[in-house]
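Please keep the sequence and the model open while reading.

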Amino acid sequence: MILYSLQCAKGHVFDEWFANSAEYDSRSAAGTLTCPECGGGDVSKAIMAPRVAKSAGEPAPAPAAPTCMPGGCGACSFAGHD
Ligand SMILES: [Zn+2]
């Protein structure tokens, strides 16, 4: 799912969920996108980056393993630093 920020010809900005960018294109082409505030059908993407929803159940990324620079980081307990 992709959340697009849309803007009507009167400047109302609202968010709408789409399955993917192709669904936005088809709905935009079909004229079924309307502003919830004024009902206007002249709707286009607002200039914002789309946010992509994480799918439920997706495992969280593992935290990065701690690393030390040569010379030691001074904050870890690894032995053998140069
Ligand atoms: Zn509007």
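## Basis of the model

This is a predicted model, in which local features need pLDDT of at least 70 and side-chain atom pairs count only at pLDDT 80 or more, while totals for chains, interfaces and linings use all residues. Residue numbers start from 1 along each chain as its sequence is written.

## Overall layout

Helices (H or I, at least four residues) and strands (E, at least two) are DSSP runs, numbered from the N terminus.

The chain has 82 residues, of which 6% count as buried. A residue is buried if 20 or more other C-beta atoms lie within 10 Å of its own, exposed if 12 or fewer, and partly exposed in between, with C-beta atoms placed from the backbone. Among contacts with a separation of 6 or more, 45% join residues 24 or more positions apart. A contact requires the C-beta atoms of two residues, placed from the backbone, to lie within 7 Å.

## Strand pairing

Strands β1 and β2 run antiparallel and are joined by six bridges. Two strands pair if DSSP finds at least two bridges between them. Across this pairing, Leu3 stands opposite Trp17 in β2, and Ser5 stands opposite Asp15 in β2. The hairpin of β1 and β2 has four residues between the strands, and Gly11 there takes a positive phi near 95°.

Strand β1 also pairs with β3 (residues 43-45), again antiparallel, through three bridges. In this pairing Leu6 stands opposite Lys45 in β3.

## Core and helix

Which residues make up the largest nonpolar core? Its five members are Tyr4, Leu6, Cys8, Leu33 and Val43. Strand β1 (residues 2-8) gives the most to this core, with three residues. A nonpolar core is a set of buried Ala, Val, Leu, Ile, Met, Phe, Trp, Tyr and Cys residues joined through C-beta atoms within 7 Å. Leu33, one of the core residues, is in contact with Leu6, Arg27, Ser28, Gly41 and Val43 when neighbours within four places in sequence are left aside.

Helix α1 spans residues 21-30 and is hardly covered: the count of buried residues among its ten residues is zero.

## Residues in strand β2

Val13 belongs to strand β2, which covers residues 13-18. Is Val13 buried or partly exposed? Val13 is partly exposed, because 13 other C-beta atoms lie within 10 Å. Beyond its neighbours within four places in sequence, Val13 is in contact with Ser5, Gln7 and Ala46. Val13 and Ala46 are 33 residues apart in sequence, with a C-alpha to C-alpha distance of 7.1 Å.

Glu16 also lies in strand β2. With 17 C-beta neighbours inside 10 Å, Glu16 counts as partly exposed. Not counting residues up to four places away in sequence, Glu16 touches Tyr4 and Leu6. The C-alpha atoms of Glu16 and Leu33 are separated by 9.2 Å, and these residues are 17 apart along the chain.

## The loop between α1 and β3

Gly41 is located in the loop between α1 and β3. Gly41 is partly exposed because it has 13 other C-beta atoms within 10 Å. Gly41 and Ser28 are 13 residues apart along the chain, and their C-alpha atoms are separated by 9.1 Å.
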